[in-house]
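Please examine the two chains shown below. The paragraphs that follow lead through their sheets, domains, core and interface, and then through some features of the backbone.

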Amino acid sequence: MHPVLKLERRPQPSRTWSALAPVLAVLITMFAGGAMFAALGQDPVEAIRTIFWEPLFGEFARFDRPQLLVKAAPLTLIAIGLALGFRANIWNIGAEGQYIIGALTGAGVGLAFYPTESALIFPLMVVAGALGGWAWAMIPGLLKVRFGTNEILVSLMLVYVAEQLLAKMALGLLRNPEGRGFPGSRSLRDYPSAHNAELFAGTGIHWGVVAALIAVIFAYILLARHMLGFHIKLSGQAPRAARFAGVNPARLTLICLGISGALAGLAGMFEVAGPAGQINIDFNVGYGFTAIIVAFLGRLHPVGILLAALLMALTYIGGELAETNLGLPAAAIQMFQGMLLFFLLAVDLLTHFRLRWRRAEVA
Amino acid sequence: MTLTRILSAAALTLGLALPALAQDKTKVGFIYVGPIGDGGWTYEHDQGRLAVEEHFGDQVETVFQESVPEGNDAERAIMQMARRGADLIFTTSFGYMDSTINVAREFPDVKFEHATGYKTADNVSVYSARFYEGRAIQGHIAGKMTESNIIGYIASYPIPEVIRGINAAYIHAKKVNPDVEFKVIWAYTWFDPPKEADAATALIDQGADVILQHTDSTAPQAAAEKAGGVITFGQASDMAEYKPTPRVSSIIDNWAPYYIARTQAVIDGTWESTETWDGIAPGMVEIGEITDAVPADVKEEALAMKEAIASGDYHPFTGPLNRQDGSAWLAEGEVADDGTLLGMDFFVEGLTAEIPQ
C-alpha cells in the first residue's frame, strides 16, 4: 500500500488556476529551457536573461521595445478574432489564408492606383484588406452553414490555396514591371500614399499596432457588455441553452468567421503595406497559426491575448538576440517556444482537475 | 601553430601601431536563410565565416543568425546586428535585398554585403558566383549519363539565378544528347527537406534518372539513393556523404577567400562598394570530385570543359542560341553579356517547362 497521485475532476474549472497557469508555465519553461541551454554548453542564466530581459531593459531596449509591439500587433489582431469564434465553438484554423488574402486585396487596391497620390488610398486599402479576409473566411462559413462541412478542415485547406494564389500574384498580376524579372510586387514603402508608415520616427510602430489595440478594446466590450458577446459565450458553454435563448447558430457561425477573417485580413494588409513592404512569394511567415497559440495562451480573453502576444513577441526578439549574442542555435529557440506551449497545456490540467494523494486500493 | 603565431604577432604589431583598432575588434555578422547544418548553401557560407575567424584570430569577432525568414524579420535581424556593433554584415540570400538596403540607409558607417542581389549603395556591395559555369558541366555529365533521357530539375524560385542554371544545364545536356528532356518542379523554397524529397520522388516517378537541384538540402540525394539507379549532384556544398552514387559530382561554393578579403578591406579601411561575380577561374565555384560512377571519357570531357571555362576559352552561353519562343538570342559565336545573364527571365529553345507567370 503506497500513496499514489490521482487526478480528480473539479466540479467547476478553477479560476485561480486558469489565471495562474500561464505564469507558472513561463516559470517552468525558464527552468526547463535553462537546463537545455546548459546542456548546450551555455550559461543558462545569461541565456534566459538575454531572452526575457535584454529586449525590455537592455542597452538597446529603446529600439527593441517598440519592435515587441510591431511583432505582437498581427498576432493580437488575428488572435482576437479567432478567440471570439473559439469561445462559440467555431474553429477557424485558416487565419493564415485570410491574412494572405487580406494582404493581396489591400496591396492590390493600393497598387491599382499607382502612382496616383491621394489621402484616400490608404483607407481604401484598409477596407479592401478587411473585406478580402472576410470573404475568404466566408467560404468555410457558407459551406458549413449550407452543407454542414467541417470549418476546421475547409479553412485549413484554404490556407494552401491562398499560398498558391499569393505565388501566382507575386509572379503575375502584381509583379513589379520594373523588377528585372524577379518575383514580387512594387515596394509599397516607396509609394507614400499606400505606405503604412511608422507613426513615431524610429520606432517602427505603424497603424497595425493601433488597430490591434482598438480590437482588444472592442472585443472586451463586446464580450462583457454586448448581446452578441453573451450569445457567443452561451453557444460555447451550453449550445442547447443558446438555442432556447434565441441564438441562430448559422448566423453566429457567419458572424464569428467573418469577424476573424476580417481581422486576419487587416493584419495582412497592415503587414504588407508596412513592415513587409511588398507582396512576395513567401510573404506569410505563420502569424495565422501562431495566433491560435496566442489565443489559448491568453485564455481567449482580449487582455490576456494582448499579454500573450507580447510574450510571444518577447521570445521571438529575445530569442534572436540570444542567437546572435550567445550563438545559440535557432532550433534551440524554437524548442524553447515549444516548451512554453507544452507546459501551458500541462499546467492547464490543473484548471480542470486537482491532484490528490490517495492510498492505492488493494487488489 | 606557426600561422597563428605569425598572425598574433601581426595583430600585436598592428595593435601597437593603431591602438584604436586594437581595442575594437572588427565585428563581422552573417545572416543565413537556412540552418548552418543544411549541408548546402548556408553550410558553405558558415564555412566562410569560420575561415574568417581562423584567418584573423583575435582581431575579428563573428556573429551569425540562422534560419532568418526573408522580409520584416530579416530587417530586424540585420538592424540588431548593426546596432550591436557589427562593422561588416553579410546577408546571404536574395530575399534580403530590400532589407539590407533599408538598414544600410540607417547605418551609413556599417558595411553591407548582399549575396546574389542587384541593389547597391555607398555602403552596400553585392557578390555572387557564376554557378552557371558549374551547371554547364553538370548538364554535360547528365546528358551523357541519362538512359531514360529525362532529367528532373528541382528549381527553387523563378528568379534569374535559377533560370540561368536551368538554361546552362539544358544547353549542355542537349548538346551531347539531342533527345534529352527536362522536367522542372518549382519548389518555392530554398530549404525544406520534406518538400525537396517529394519533388525528387515525383520527378523520379516521371521517369527521371538524373536529378539536378537548386535547393539546399541533401533530401533529394536521399530520395535518389532510395529509388536506386538515379544520379544527383551536390548543390552548393560537396554533399560527399552520398558518394560515389547517387552523387556523382557537385558544385561547391567557396566563399572563404571573398569573406577574408572583404573583412581585410574593412580592417584596412579600404572597403568600397563593389559588384563581384566570380566563377571557376578565381575559385569561387568549385567542381567536386567526379566519382567513378561516371565513365572515364565523360569525366575527361567534363574536366576539359572546366579547364576551358576557367581559362576563358569557353563561355557556357555561346551562340547560336534561341529563346524558348523561337526568337533569336545569340548569333553564332556570340557570347551572352552579363547584364542579360543577371536579369535572365526566359528559357532557351527546346525547354518545354514554363517559367511561372
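In this predicted model, chain B contains an open sheet of 6 strands with parallel pairing, in the order β2-β1-β3-β4-β5-β11. Its edge strands, β2 (60-65) and β11 (275-278) of chain B, each pair on one side only. From one strand to the next, the twist averages 15 degrees. At one end of that order, β1 (residues 26-31) of chain B pairs with β2(B) in the parallel sense over 6 bridges. Within this pairing, B:Lys27 has B:Glu61 of β2(B) as its bridge partner.

Which residues of α5(B) are buried? They are B:Met97, B:Asp98, B:Ser99, B:Thr100, B:Val103 and B:Ala104. These buried residues pack against β3, β4 and β5 of chain B, and also against the helix α4 (72-83) of chain B.

The loop between β4 and β5 of chain B holds B:Thr116. This residue has a positive phi of about 70 degrees although it is not a glycine. Is B:Thr116 buried or exposed? Because 21 C-beta neighbours lie inside 10 Å, B:Thr116 counts as buried.

A further open sheet of chain B is formed by 6 strands in the order β7-β6-β8-β9-β10-β12, and here the pairing is mixed. β7 (181-186) and β12 (285-288) of chain B stand at the edges with a single partner strand each, so one side of each has no neighbour in the sheet. The twist in this sheet averages 20 degrees from one strand to the next. Strands β9 (residues 231-234) and β10 (residues 247-253) of chain B run parallel and are joined by 3 bridges. B:Gly234 stands opposite B:Ser250 in β10(B).

Helix α6 (residues 131-145) of chain B lies across β6 (150-155), β8 (210-213), β9, β10 and β12 of chain B, and runs at about 175 degrees to β10(B).

The domain assignment divides chain B into domain 1 (2-129) and domain 2 (137-250 + 287-342). Taken over C-alpha atoms, the centres of these two domains of chain B are separated by 31 Å. Contacts between them involve 13 residues of domain 1 and 12 residues of domain 2 of chain B. The side of domain 1 that touches domain 2 of chain B has 5 nonpolar, 6 polar and 2 charged residues.

The largest nonpolar core has 208 residues, and A:Ile78 and A:Ala79 have the most contacts inside it. α4(A) contributes the largest share of this core, with 14 residues. Domain 1 and domain 2 of chain B both give residues to the core, so it lies between them. Leaving aside residues up to four places away in sequence, A:Ala79 touches A:Ala291, A:Val294, A:Ala295, A:Gly298, A:Ile305 and A:Ala309.

How many residues of chain A are in contact with chain B? There are 25, and they meet 28 residues of chain B. On the side of chain A that touches chain B, α4 (61-87), α7 (151-171), α13 (302-326) and α14 (330-352) of chain A each supply at least two residues. The largest share, 4 residues, comes from α13(A). By class, this side of chain A has 15 nonpolar, 6 polar and 4 charged residues.

Some backbone features remain. Most residues other than glycine have a negative phi, and most peptide bonds are trans. A:Asn89, in the loop between α4 and α5 of chain A, has a positive phi of about 65 degrees although it is not a glycine. A:Asn89 counts as partly exposed because it has 16 C-beta neighbours inside 10 Å.

A cis peptide bond, with omega about 0 degrees, joins A:Tyr114 and A:Pro115. A:Pro115 is found in the loop between α5 (95-112) and α6 (121-147) of chain A. In chain B, the peptide bond from B:Gly319 to B:Pro320 is cis, with omega near 10 degrees. B:Pro320 has its place in the loop between α11 (296-311) and β13 (321-322) of chain B.

Key:
Residues numbered from 1 in each chain as written. Chains lettered and ligands numbered in written order. Predicted model: local features only at pLDDT ≥ 70, side-chain atom pairs only at ≥ 80, totals over all residues. Contact = placed C-beta atoms within 7 Å. Nonpolar A, V, L, I, M, F, W, Y, C, P; charged D, E, K, R; others polar. Core = buried A, V, L, I, M, F, W, Y, C linked by C-beta atoms within 7 Å. Buried ≥ 20, exposed ≤ 12 C-beta atoms within 10 Å, placed from the backbone. Domains from an automatic or database assignment. Pairing = 2+ DSSP bridges. Axes fitted to C-alpha atoms, helices over the stretch in contact; angles between N-to-C directions.
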